Amino acid sequence: EEANLMISALEIREKQAIELMIPFTSTFMVDYDEKLDKSKLRHILNKGYSRIPVYGNHNRQDILGLVRIKQLILLDKYTNKSLRDLGIRLKTPLVIHPSLNVFELLKEFRKGKSHMAFVTEQVNKLQSKFGLSRTNSIAVNNAIVFNKNIEIHIMGIITLEDVIEHIFNLEIYDEDDYEKMKGSNTGMFVVSGNKEN
C-alpha cells in the first residue's frame, strides 16, 4: 500500500487534468433561473454534493459559477423561487487548461479558493467572464461578471476529491455512503465533509 501511494504521488506530476476530469456533459448542474419547489430542492440535496455548477438563462453553456449546498439547506421549501430570485451568491471556481498537471492543480486547490475547477482550452475567456486574474483564483473585484456574449466551451470539471481519490487509489465515501456499506469488507476512505473558504 505504501509503495502504491508513493507511485500515485509521483504519477500526479505526469497526469493531466483532462485525464481525471468529469466530462461536462455528465456533470450535474442547477439552473440559476429555475424555480425551486420542494421536490427540486430535495432532488438537489439528495445528490450528496457539497457544491454544484450553476448555469443561467436555461442554457447549460452559460456557466455562472458554483452554489454550495449549505447555502440551500435553510431555504423555505415552499418559496418556489429561483436561486437568482433568492439572491444566492455564487462562488467562483478555478479555471484551468486541460493540459495542467494534477500536481499543480493540487497546489491550487490547497490555496483554499475553491475545491472545484472548470476545464477549458479558453482559460482567458472564462477567467474574464468570472472576473478572475491570470492566476486562476484571485478575483479582480468582488462581482462576478456575467457576459452573455462570450461563447465558451467547457470540457469538464475536476474536484479536490477526484485528485485525492487518484492519489490514494480509493473511492471516497461520505457518511451516508458509509452507513449503506456498514458490514461490508470493502476498503474505504471516509471523509466527514468538505471545507471551502
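Biologist: Does H58 count as buried, partly exposed or exposed?
Modeller: This is a predicted model, in which local features need pLDDT of at least 70 and side-chain atom pairs count only at pLDDT 80 or more, while totals for chains, interfaces and linings use all residues. Residues are numbered from 1 along each chain as its sequence is written, and side-chain values use heavy atoms, with hydrogens and water left out. Buried means under 20% relative accessible area, exposed over 50%, and partly exposed in between (1.4 Å probe, protein chains only). The relative accessibility of H58 is 58%, so H58 counts as exposed.

Biologist: In which loop is N57 found?
Modeller: N57 has a phi near 55 degrees, a positive value in a residue other than glycine, and at 34% relative accessibility it counts as partly exposed. H58, also not a glycine, has a positive phi of about 55 degrees. Strands (E, at least two residues) and helices (H or I, at least four) are DSSP runs numbered from the N terminus, and N57 is found in the loop between β3 (51-55) and β4 (63-68).

Biologist: Which strands stand at the edges of the open sheet, and why is one side of each left without a neighbour?
Modeller: Four strands form this sheet in the order β1-β7-β6-β5, with mixed pairing, where two strands pair if DSSP finds at least two bridges between them. Because each edge strand has a single partner strand, one side is left without a neighbour in the sheet, and these strands are β1 (22-23) and β5 (94-96).

Biologist: At about what angle does helix α4 run to β5?
Modeller: Axes are lines fitted to C-alpha atoms, for helices over the stretch in contact (heavy atoms within 4.5 Å), and angles run from 0 to 180 degrees between N-to-C directions. Helix α4 (residues 102-110) lies across β5, β6 and β7, and its angle to β5 is about 165 degrees.
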